[in-house]
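Biologist: Hello! Could you walk me through this model, taking the sheet and then the helices?

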Amino acid sequence: MAVIAGDAKAKIVTMQADHCQLVKFMGTEDGNYRKVVDYLNELLERGPAKIRENWRRENAHRSIAHGESAHTAQAVLAKPLLPVSRNYVHRPHISDFITEKLLPADSTKRQPRCVLHGISGGGKTQLASSWIRAHKDKFSRIFVIDASSQHQIESDLQTAIRSMGPEYSQSTWKDTVYYLSSQRGWLLYFDNADSSDLRLDTYFPTSQHGAILITSRNRDCIAYARDSSIAVGMLTEKEAVDLLHKVANVAPSTNEMSLAIVRELGLWALAIAQAGAYIFRSQRLETYLAIFRNHRDKLMRESPIKGENYEWSTYTAFDLSFQQLPTKAQELMKICAFLHHSSIPLALFERSTTAGFLTHIVEEACPPPSDDETTISHLKDIFGSDWDEYAFQETINSISRGSLVEISRDDDGLSFYHFHPLVQAYTRDLIVSTNHDLYLHSARQLLLGAIRPLPGGENNSWHRQLSIHIDGLPASAKSAHASYIMAFLVVYDSIGNWNASLELEESCYSQLCEQFGSQHLAAIRAMSSLAAALRSCGRFNEAEKMGREVVQLQAEILEPDDPDRIAAMSELAWTLCDCGRLKEAEKMQQEVLALRMEILGARHPDTVAAMANLAGILGERGRLEEAEKMEQEVLALQMEILGARHPDTVMSMANLAATLGQRGRLEEAEKMEQEVLALRMEILGARHPDTVMSMANLAATLGQRGRLEEAEKMEQEVLALRMEILGARHPDTVISMANLAWTLGQRGRLEEAEKMEREVLALRMEILGARHPDTVTAMANLAWIFEQRGQLDKVETMRQEILVLRTDILGQEHPDTIQAEDALSRVVARLATRSTTHNRE
């Protein structure tokens with residue numbers, strides 16, 4: 001480390017450099033070069049003010065020498081702008097906004113104003129000071145006013161006019177306002193106008209030919225310029241990384257670690273500056289994240305950075321707003337600290353309060369624990385026993401005034417609240433350990449009170465809104481009691497989050513077995529739900545084993561006509577179908593349908609669902625004419641009984657469309673698949689597995705109709721979604737890979753297709769086994785690619801094996817078996833032709 005020496009008044013600059021590097025820099029991007037240049041620029045910027053001050057003193061001395069009093073000779077200086085930090089990072093979108101509002105291109109009939117608002121530490125004052133310095137030549141006079149209190153405003157306004165010359169030495173703040181009202185080209189800058197008690201417009205001149213700039217953490221200041229206000233919040237990632245590197249004086253070869261740090265800090269300027277200062281001292285960028293996660297509260301409360309224009313640490317800046325909140329507002333923030341920081345719906349508080357914060361009971365044998373009453377009592381103290389929107393809005397408005405929460409409305413007019421992630425962390429860190437569980441449990445109970453099953457066909461957007469907040473709860477909180485788990489499963493099953501469902505189903509089953517024993521009906525029902533979750537996650541063999549056990553247990557305990565037993569048989573039949581055991585699946589589903597016909601009647605929704613399931617199995621067995629006839633009947637019944645938007649009706653439309661496609665009626669299939677996709681997008685959302693399946697089906701039909709470019713684009717999207725939602729080894733994801741490989745082959749990109757199809761075959765061999773119909777299909781697809789590439793000797797052996805397998809598994813009459821015979825005959829004929837050609841040669 002080297003230090004620039006000088007006289008006692010010199011500025012000391014610390015640099016990471018040896019003696020040679022103190023006077024010779026590597027280039028203009030060198031961190032030490034930038035630091036020295038910044039210091040020199042700062043010195044030049046302060047120079048004129050320093051010279052004026054020296055001349056003021058000199059004039060005062062000369063006046064005294066001529067017999068004048070020091071009082072009459074003394075000049076008054078206006079408040080100067082705060083210096084801009086050496087590490088200031090330009091934020092063009094905000095600077096351009098200020099320019100647009102304060103220096104409009106067209107003449108305006110209104111006084112130009114601009115309000116920068118946001119919580120402390122976002123960089124409002126630095127942005128304003130930097131902008132003013134860059135545009136000072138556009139104004140005739142610039143007055144800087146400390147707006148932290150009424151007294152300070154009036155004092156600075158008075159000082160401002162008195163600084164204009166001795167003739168104004170007796171003027172007051174009112175004279176300043178009056179003077180500016182008759183002038184042009186001035187700028188009045190009110191900094192830190194944070195108090196909610198201030199009436200700032202009292203100090204606004206009336207002239208339209210001047211401009212007003214305000215910085216405030218009080219969001220109510222927007223009222224002074226509703227269409228000219230901008231929230232100063234998070235930096236862009238580039239701005240954040242630049243700031244980190246400047247303060248830390250580092251230039252890493254990649255930005256990967258820096259990006260991770262600034263994202264963890266929520267792209268918040270002050271927090272990033274603090275992080276940079278710590279890294280500068282430690283010279284260890286790579287360890288900062290781990291240290292931050294273990295010591296966040298200490299790091300965010302460290303003293304302000306020396307040599308910078310920061311008055312507070314990050315958490316101290318947050319304290320300024322939080323400590324002024326009413327008690328109920330602080331309590332609300334502490335509960336919200338355990339939800340996701342963004343998109344907290346107003347309806348969460350309304351629905352939960354209206355329901356008395358009570359958990360929806362799914363299993364009568366397993367009600368919520370009695371100690372929930374303590375948590376519910378705490379929630380009622382904050383939100384009341386009955387929903388009072390006015391009182392709630394008053395609480396939210398007090399938080400909003402301090403810029404601690406942002407409020408947004410979606411296209412449907414619904415309100416959502418958004419906290420900065422660091423504000424969330426700050427609020428959690430405020431909670432003493434003894435009260436931690438109270439607020440965590442209150443957040444959980446708030447969510448539980450808002451969860452209710454949705455009527456069939458209703459848009460599941462409400463459950464999607466809740467899901468990110470349920471995800472944010474610790475796993476131990478979600479699974480603390482079986483009643484909580486079953487309520488949370490209502491949401492996860494609705495939105496199709498099968499992986500989250502599986503994790504909770506396993507915990508629920510374990511708890512109920514421990515509480516009641518594995519033979520209890522509640523435990524068996526939980527076991528049945530777990531088997532269904534395993535099937536949804538593509539773990540077919542485990543699902544089959546557990547499904548058989550459920551059916552066996554229920555056969556011992558329940559009557560043959562018990563609805564639970566019949567439902568478990570139906571679920572097992574579908575699992576057998578997924579496992580490729582189609583004959584057994586059909587037989588069991590026939591039995592389910594017969595029982596439901598007898599017990600419930602032909603028009604009961606459960607009977608119609610059994611018909612739909614049987615039709616699907618018939619389709620898998622290649623009996624497409626029977627399947628279509630039954631699917632047409634099912635669809636007509638469900639349209640009449642459930643309505644066009646019910647998920648079961650939409651599923652039947654999807655099944656019928658798939659059958660039509662298999663029968664070669666592609667135009668009808670595409671039209672119906674377009675309708676299914678639109679309905680599922682609206683009802684289930686774009687990321688629900690059923691919606692993604694509709695995209696996959698439509699893409700396949702487009703490919704069959706020869707629209708290969710459209711098909712490939714959609715299949716790429718489907719594969720990416722399934723990779724993210726279901727995982728790489730889920731059978732549906734592997735289907736997407738297979739479909740994309742087929743399309744690539746049809747487009748002549750045989751090398752890409754072969755590589756992907758080999759991966760599909762390997763995965764299916766491992767996940768489904770060698771005799772599963774889907775595995776055999778992968779062999780057939782790979783054989784087709786080999787055939788297109790002229791590798792006929794290899795193809796003949798594969799085609800013979802495929803025919804044997806399909807005959808054995810599917811039967812001789814199945815369309816896939818017939819197709820396998822035709823493919824083998826084609827290859828044999830080509831080989832014979834090739835042999836004849838060689839003999840002639």
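Modeller: Gladly, and let me start with a term: two strands pair if DSSP finds at least two bridges between them. Helices (H or I, at least four residues) and strands (E, at least two) are DSSP runs, numbered from the N terminus. This is a predicted model, where local features need pLDDT of at least 70 and side-chain atom pairs count only at pLDDT 80 or more, while totals for chains, interfaces and linings use all residues. Residues are numbered from 1 along each chain as its sequence is written, and side-chain values use heavy atoms, with hydrogens and water left out.

Biologist: Thanks! What is the order of the strands in the open sheet?

Modeller: The sheet has 5 strands with parallel pairing. Its edge strands, β4 (141-146) and β7, each pair on one side only. Strand β3 (residues 113-117) pairs with strand β6 (residues 211-216) over 5 bridges, and with strand β7 (residues 229-231) over 3 bridges. The order is β4-β5-β6-β3-β7.

Biologist: Which residue in β7 is the bridge partner of histidine 117?

Modeller: On the β6 side, histidine 117 stands opposite serine 216. In β7, valine 115 has serine 229 as its bridge partner. For histidine 117, the partner in β7 is alanine 231.

Biologist: Is glutamine 465 buried or exposed?

Modeller: Glutamine 465 is found in helix α19 (residues 461-472). Leaving aside residues up to four places away in sequence, glutamine 465 touches Pro345, Leu414 and Phe416, where contact means heavy atoms within 4.5 Å. Buried means under 20% relative accessible area, exposed over 50%, and partly exposed in between (1.4 Å probe, protein chains only). Because its relative accessibility is 15%, glutamine 465 counts as buried.

Biologist: How many residues of helix α13 are buried?

Modeller: Helix α13 spans residues 327-336 and is mostly covered. Among its buried residues are Leu332, Met333 and Ile335, and Glu331 and Lys334 are buried too.

Biologist: At what angle do helices α23 and α24 pack?

Modeller: Axes are lines fitted to C-alpha atoms, for helices over the stretch in contact, and angles run from 0 to 180 degrees between N-to-C directions. The axes of α23 (residues 521-536) and α24 (residues 540-557) lie 8 Å apart. Residues of α23 that meet α24 include Leu521, Ile524 and Leu534. The packing angle is about 155°.
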